[in-house]
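Reader: Walk me through this one, please. I want each label set against its cut-off.

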Amino acid sequence: MSRRKEQRSYGIYTYEDGNTVRRLETAPDYHEERIKRKEERRISEQKRRRRRAARRNRERALKMNAGYVAFLSVCVMAVALTSAAYVDLQSDLIIRQRSIEKLQGEISALKLENDAAYKRITVSIDLKEVKKQARKLGMKYPTDKQIIYYSIDNADYMTQYKE
């Protein structure tokens, strides 16, 4: 039993850190820090220069001299004239489209009127009376010698125009 106590006490008080050698901490290198600070200062100085240059450019861009104002006013006038011409052309186009629509309406109305008149004429004509008047005037039916028949091939065609 006494042996166990020794082992326990030995195990309690002994500390083992492993089987590797500890690395020693090196002293800080002030030269690297100085270089790092110089680089940071250089970068911040570059940023400041760029900001100043951008500010100067903005100020220069905001200044308008007489030539620039004249150029801009000429550009605005050109755009205004072009826009006015465009609007004028658009209104002419609309007026012409409306007049075309009006003329097309008149044409369709005249066609309807013409068709109605044609139907009235065809209905009002008595073919028996026409035949009777033709006989009085000496007209006769055509003979077989007066009639000419012709045939049309499938490849050919004939166009008939209305007058």
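Reader: Which residues form a nonpolar patch on the surface?

Author: M64, Y68, V69, F71 and L72, with about 480 Å² of accessible area together. This is a predicted model: local features need pLDDT of at least 70, side-chain atom pairs count only at pLDDT 80 or more, and totals for chains, interfaces and linings use all residues. Residues are numbered from 1 along each chain as its sequence is written, and side-chain values use heavy atoms, without hydrogens and water.

Reader: Why does F71 count as partly exposed?

Author: Its relative accessibility is 49%. Buried means under 20% and exposed over 50%, with partly exposed in between (1.4 Å probe, protein chains only). So F71 is partly exposed.

Reader: Where is F71 found?

Author: In helix α3, residues 66–124. Helices are DSSP runs (H or I, at least four residues), as are strands (E, at least two), numbered from the N terminus. The protein has four helices and zero strands, in the pattern α-α-α-α.

Reader: How much of the protein is buried?

Author: Buried residues make up 1% of the 163 residues. The accessible surface comes to about 17700 Å², of which 57% belongs to carbon and sulfur atoms.

Methods
Patch = residues over 30% accessible without salt bridge, like charges linked within 9 Å, V, L, I, M, F, W, Y side chains within 5 Å. Areas by Shrake-Rupley, 256 points an atom, 1.4 Å probe, with all protein chains shown as cover. Salt bridge = Lys/Arg side-chain N within 4 Å of Asp/Glu carboxyl O.
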